[in-house]
Amino acid sequence: MSRDDAATHTDDRPTPVLEARRLTKSFGHVRAMVDADFELMPGEVLAVIGDNGAGKSTLVKALSGALIPDQGEILLEGHPVHFRSPLEARGQGIETVYQDLAVAPALDIASNLFLGREIRRPGLLGTLLRVVDARAMRTEAKHQLDALGVRIPDVRQPVESLSGGQRQSVAVARAAAFGTRLVIMDEPTAALGVRESGMVLDLIRRISGRGLPVVLISHNMPQVFDIADRIHIHRLGSRVAVVSPRTHTMADAVAIMTGAATPDEVGGRSHFDERAGRRDRPGVQGEPTSRALPGPDGATDHGLPEQESPR
Amino acid sequence: MTDATAADPPPSVPGPTERREALGRALRNPLLGPLAALVAAVAIFTLTTDTFATAGNASLILQQSIVIGTLALGQTLIILTAGIDLANGAIAVLGTIVMAKYVVGGGDPLLALVLGLTITVVLGTVSGLLVTRLGLPPFIVTLGMLTVVFALARLYAESRSYPVTDPLLRFWGQGTVVGGVRITWGTLLLIVVFAVFWFALSRTAWGRHVYAVGNAPEAARLAGIKVSRTILSVYMAAGALYGIAAWQALGRIPNADPNAYQTANLDSITAVVIGGTSLFGGRGSVIGTLIGTLIVGVLRSGLTQAGIDNLYQDLATGVLVIVAVSLDQVSRRRAAR
Ligand SMILES: Nc1ncnc2c1ncn2[C@@H]1O[C@H](COP(=O)(O)OP(=O)(O)OP(=O)(O)O)[C@@H](O)[C@H]1O
Ligand SMILES: [Mg+2]
């Protein structure tokens, strides 16, 4: 069956930037991921939704090298990869904003942006003694934050002195600054108010505008439907459907997510628009093609051919 | 200040904003409190006693602070990683005995030093490995190490002490007289090791990783920092510092005694905490520890000069520790909001 997958890839669809097949991970008796599939296409914003404990963070950690899956394979631009640490994933241009663990609060903004990859002084000082170039890091940090429109007066402030939104912006900016292939964000707006969430969402749009594909985990449905090109629905440790905000309502997505409806009942295989629009969908209220919110600017239709049927 | 844009200045405004930032940073500087305490203590004793504010007394305070100061430096490194070392005094004492016994037995003094330093580094490494490999709490590990190493020191010393006459081992107690004030080489060494670790902590990638690991270990790991290796390196560096403290101790009192420095572990923690380093890890500085060490030295000296009983000195130090820890707790809570 994975051979079938490979065959479809070579057809007319682009290779996914990042793909995972049948990832499994158990913590003792807890099966956090069970045969989870994942697929991120070039340039898209892919939202990942699912109930608490569905295994979204576990999936993200497996994709970014923060944990090693028990089984399954991960393909980066079609090539198998085996990340043994976050460092290795970052070396491949995968940047992640982890849920709740994005920053070291006592460290200043510039130090946080460059944590683990400090700019060193040239020459022996830098290579042998690992002396850092604090000035260069500050300048570069300011530059990166400005480029993303994050307004922070002083990059020498400790991160804990910032508001929640600014703090999250720093974490997102770090991912944006170093991500060359894709950026993953695990609930970056979870603890934020409306205005601050908007700030972080704008940031995500800007990153996406640079052409970087983005994976966004969120529980906030209006946000997800606002910003995502496609929505990966996770339930009980695996992907149950991928839907499009153009063809599915929030109610559809929530129904699949909670198990109130099967993907087929709401047209879960139909995340490419044409078929979804035509599909007869008895038992689901609301127009199938109705949208709760206006679409994201420049949302593109990837025109993907039919995907394998979700497990 | 005459700054029109008080509420939300645009980032491009020069002069006043930057000056205010600098002022804000200075006021937020956690060294401010300890420094004020030190200055206040010196001022009070200068005013209330005749004998305190003399060059000779200053020199004496420094000499008395050297061993605890060096131990406290190692302690600072470990506390920055959210650890604690209860065994540092015992490790240093074993170091002094290894050095002294070897020389008393006719061994080469240089080799004695190498042996002593090796043993302290090895013991620091053992603590570090127990903490990182087995994931045991540093408090428990070093409590065990304290008992084991203290017993080892007495066994190896055969419950006697070893007077040292060798000039190399006593080197840090020697010194020179500048303008009538005696400055020991040990005092200079203390300044040098503090400078070295100040630089390492504040100017190198290693130092940043030490803070990150103590402040947010999981975030540090996810940022690609090798957390265990960083923590282990800290225990090894501390072990080396305990070796230096052992050598310093033989300069200060040229007699290796297995029962010496019994309260050095708590004294070093006191100096670290009074210096503003957080017992929860990730916050603090070696400059703070230097100031903390001096505060304890000044208090002891000043209260002695003022003719106040030893017990009151302990009382004063204890109160300072509680004040320092409370301040830390308050500022952490405010930061966590
Ligand atoms: N390190 C761990 N050790 C033990 N169990 C874990 C660990 N990490 C996750 N789990 C368990 O795995 C399951 C999936 O957790 P995960 O954090 O991936 O869920 P999530 O979808 O991200 O939830 P949320 O929306 O609340 O963030 C949960 O039952 C959780 O308790
Ligand atoms: Mg999660």
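Helices (H or I, at least four residues) and strands (E, at least two) are DSSP runs, numbered from the N terminus. This is a predicted model: local features need pLDDT of at least 70, side-chain atom pairs count only at pLDDT 80 or more, and totals for chains, interfaces and linings use all residues. Residues are numbered from 1 along each chain as its sequence is written, chains are lettered from A and ligands numbered from 1 in the order in which they are written, and side-chain values use heavy atoms, with hydrogens and water left out.

**Exercise 1. Positive phi**

Task: Locate Glu77(A) and Glu158(B), and classify how exposed they are.

Solution: 
- Step 1. Glu77(A) sits in the loop between β4 (71–76) and β5 (79–81) of chain A. Its phi is near 50 degrees, positive although the residue is not glycine.
- Step 2. Apply the classes: buried is under 20% relative accessible area, exposed is over 50%, partly exposed is in between (1.4 Å probe, protein chains only). Glu77(A) has 37% relative accessibility, so it counts as partly exposed.
- Step 3. Glu158(B) belongs to the loop between α6 (138–157) and β1 (162–163) of chain B.
- Step 4. With a relative accessible area of 55%, Glu158(B) is exposed.

**Exercise 2. The metal site**

Task: Find the protein donors of the magnesium ion (ligand 2).

Solution: 
- Step 1. Count N, O and S atoms within 2.8 Å of the metal (3.2 Å for Na, K and Ca); water is not among the atoms, so sites may look incomplete.
- Step 2. The protein donors are Ser57(A) (OG) and Gln99(A) (OE1), 1.9 to 2.1 Å from the ion.
- Step 3. Ser57(A) lies in helix α2 (residues 56–63) of chain A, and Gln99(A) in the loop between β6 (94–97) and α4 (109–113) of chain A, so the pair ties together parts 42 residues apart in sequence.
- Step 4. Gln99(A), at 25% relative accessibility, is partly exposed.
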